[in-house]
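User: I would like to learn how to read the packing of a helix in a model like this one. Could you take me through it step by step?

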Amino acid sequence: SLDIPLKSDAHTNVNTLKTETIGHGGSMGSERISVETLDHYLEQHPEIGQIDLLKIDTEGYDLKVLTGAHKTLSQAKAKMIFTEVGFSKENNLHVKLCEMIPFLEKYEYTFLGIFSMDVNNLHRRPQFGNALFIHRSLVNAVVNA
């Protein structure tokens with residue numbers, strides 16, 4: 001278990017385990033939460049043979065989530081990964097796209113594109129969006145679609 005700092009009502013959308021972002025917004029204390037790796041969860045639930053789409057929205061904790069999915073990623077049990085990424089160096093609320101791409105390439109995932117982006121706030125930072133990665137076993141299906 002870990003303690004997650006809780007933000008004031010106006011900033012609850014940035015509650016995160018990532019300690020570098022704790023100063024963003026007013027604090028309302030903390031809450032102890034249970035944290036489990038994806039690998040461990042799948043070991044406990046063998047009926048889940050594969051994940052078609054793994055959606056991660058953990059406010060900057062995404063690489064930690066994926067690090068806890070080493071076996072899952074190595075065995076290509078997740079076919080697609082949809083995760084928030086940041087685009088600017090000033091954005092410390094999200095994992096930067098330039099960090100996410102090489103991390104997932106080690107597991108043979110290909111960056112397919114950005115499918116939603118925070119366009120309402122282009123005039124200010126941090127800018128972010130959702131990136132889709134697919135396992136190389138799906139590349140031919142996508143290219144030939």
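Analyst: Let us begin with a term: a residue is called buried when its relative accessible area is under 20%, and exposed when that value is over 50%. Please keep in mind that this is a predicted model.

User: Which residues of helix H4 are buried?

Analyst: In H4, which runs over residues 97–105, the buried residues are Leu97, Met100, Phe103 and Leu104. They cover an arc of only 130° around the axis, which places them on the same side of H4.

User: Why do residues three or four places apart point the same way?

Analyst: An α-helix has 3.6 residues a turn, so residues at that spacing point the same way.

User: What covers the buried residues of H4?

Analyst: The cover includes helices H2 (62–67) and H3 (70–74), together with strands E4 (78–86), E5 (109–117) and E6 (128–135).

User: Which residues of the largest nonpolar core touch the most other members?

Analyst: That core has 20 residues, and those touching the most other members are Leu54, Leu66, Leu73, Ile81, Leu104, Tyr109 and Phe133. At least two residues each come from helix H1 (38–44), strand E3 (51–56), E4, H4 and E6, with H4 giving the largest share, 4 residues.

Terms used:
Residues are numbered from 1 along each chain as its sequence is written. This is a predicted model: local features need pLDDT of at least 70, side-chain atom pairs count only at pLDDT 80 or more; totals for chains, interfaces and linings use all residues. Side-chain values use heavy atoms; hydrogens and water are left out. Buried means under 20% relative accessible area, exposed over 50%, partly exposed in between (1.4 Å probe, protein chains only). The arc is that of the directions from the helix axis to the C-beta atoms. Contact means heavy atoms within 4.5 Å. A nonpolar core is a set of buried Ala, Val, Leu, Ile, Met, Phe, Trp, Tyr and Cys residues joined through side-chain atoms within 4.5 Å.
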